[in-house]
Amino acid sequence: MMEKAARNYILSHWRYIIILLLFLLASYVLIYRTYENVRREMIEDLNARQMILAKQSAKGIEMFFNDHIAMLQSMAKNEHIVVLDETGKKMMREFYSSHAGEVSIITRIDSQGRIVHPEPYDPKVIHQIVTKIEDFQEVRRTRQIVVSDVFTNRRGLKTIIMHVPVFRRGSFNGTIALLFPFDFIARRYVEDIRIGQDGYAWVVSRNGTELSCPVPGHVGNSVFDNCRDFPDILAMAEKMTRGEQGATTYQFDRVRESIITKTTKQAVFMPVRLGNNFWSIVIATPEDEVTGALQGFRNRLMLIAVLFVMGMGFIIYMFFRTQILIEEVGRRRKAEEALQESEATLRSVFKAAPVGLCIMKDRVYQSANKAWYESFGYSESDVIGHTTRMLYENEEEYDRVGRELYASLSERGLASVQTRLRRKDVVFRDVILTAAPLQAEDLSSGTVVAIQDITDHRQKVEELRENQQRLSDIVEFLPDATLVLDKEGRVIAWNRAIEAMTGVEKEDMLGRGDYEYALPFYGDRRPILIDLALHPDEEMEKQYTAVQRVGDILFGEAFTPNLPPGDIHLSATAS
């Protein structure tokens, strides 16, 4: 009889059950989408930081080589170097002394590829054919600067050789060459790059040979052999050997002591242009280093949601059961006994519920379950018969919560509000209070309140905000004069270096558009190099001394008459 009455009651309230199920489904979807959005933003933030480091490293290596190329070109035009008299040898000796550590050898080579004079001087190598003769032959054929791949020299060291052609009376007269220790370049620009515990940088040559990598056994071998079991890395390597740049996700082995596990890595890669040659630098970080805490938070949130659903399920089940019992007892003229029994059962469920629950009447505690006491550290004697005022920071917050709760209860019969409550140990926790009347449409009967602790969630959100602020700080303290525009052409970053260059403070420039940022440089509103990155314009590019595009990066030079002391020649990069 009881089972039949239960089935009839459930069938009569099927709409509410469907609404509850839809609510649970919508809550799950909302939590999942929120998690995915935060995870995506964290990964985008990671890749942005990695790309900044990759660009800084690539730019540093390129500037290192460009500076030495410029110095060699200047020496190659010097008559003393061309004829290699005693003054020329002294110049080579002084150059080597002033660049000790970053240069292994500076050498004058004749038109047949034989060593004429090296510094430091070694008589045993005079008239020997230069190492990597094929690079010298390319210089002789093309009359252009050549930067070699990394090779092992006669001393067993990883080396790079740079040849700059020397001409005498218009004819090819050999080269002046520098040998660089690759380990110096790797230590200076690559090996110190670290993100988190396991994020690192590695470098491959144009043909895919790994030049620098912290993974044992990889250096000197082809990335296509080292990573043949990892198709995502091979796909990235194909792009790197073509001189492309971008971001990707790949699987790789992570070794910790004797344990090997698969890990997902977020990586960025970009080319390092070295004259006729290029390398590619990769910065990769395990995804779980930035999303691990978020996954833990997601799991805890899901656990809380499951416990909450279970508690609500128990309460709803007991509510149905209580209604059925009342109807049955009413028919049998035993309403009072049935009511007492149902109330006792409800109290048992109330006390055993895994979420913090309490019952209040006129904001005075009537009862609370074990989970509530454990959450706040109070005993029953501390709270029963007392108002909720004791848990709030101040009178204003106590009044605000009361107004919002009872306004929502009166209007919708259900209320939810966020506040901070004081534990007995005087630690404040951020919570969400969800309240409902004990009897529908009768607030005087009392209110049941469920408490959800969201302190950890708020801390994670604050950590995300701090990470975004750190990224903004990186731009602010870059040593190069830097401005950033949004897609509408408005200034959103104007760092300290550009303040010092122009004399215009950031507060006077942020939010400005319509080419107003050109005023400090040219004295009038006009597109500058950064606008050509947003909106390419071939006619406008002709106004610059030189504009070169490499992918989506522009390099340009121009005279800026408005910067003190006037007619300053600037070199700029925009992307």
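Reader: How do the residues of the lining of the second largest cavity divide?
Author: They divide into 7 nonpolar, 1 polar and 1 charged. Nonpolar covers Ala, Val, Leu, Ile, Met, Phe, Trp, Tyr, Cys and Pro; charged covers Asp, Glu, Lys and Arg; the others, Gly among them, are polar. The model is predicted, with local features needing pLDDT of at least 70 and side-chain atom pairs pLDDT 80 or more, while totals for chains, interfaces and linings use all residues. Residues are numbered from 1 along each chain as its sequence is written, and side-chain values use heavy atoms, without hydrogens or water.

Reader: Which residues line the second largest cavity?
Author: Rolling a probe the size of a water molecule over the atoms shows where empty space is left. A cavity is a set of points on a 1 Å grid over the protein atoms alone where a 1.4 Å probe fits but cannot get out, and lining residues have an atom within 4 Å of a point. Here the lining is Tyr200, Trp202, Glu210, Cys213, His218, Cys227, Ile233, Tyr250 and Phe252. Two or more of these residues come from each of β8 (199–204) and β10 (246–256); strands are DSSP runs of E, at least two residues, and helices runs of H or I, at least four, numbered from the N terminus. The space in this cavity is about 60 Å³, the volume being that filled by probe spheres set on points joined across faces, edges and corners.

Reader: How many cavities of 30 Å³ or more does a search of the whole structure find?
Author: The search finds 3.

Reader: Is leucine 84, with its positive phi, buried or exposed?
Author: Leucine 84 has phi near 55 degrees and lies in the loop between α3 (79–83) and α4 (86–98). Its relative accessibility is 13%, so leucine 84 counts as buried (buried is under 20% relative accessible area, exposed over 50%, partly exposed in between, with a 1.4 Å probe and protein chains only).

Reader: What is the phi of valine 426?
Author: Its phi is also positive, near 70 degrees. Valine 426 is in the loop between β15 (415–422) and β16 (428–439), and at 57% relative accessibility it counts as exposed.

Methods. 1 Å grid on protein atoms, 1.4 Å probe; cavity = no way out; pocket = protein on both sides within 12 Å on 5 of 7 lines; lining within 4 Å.
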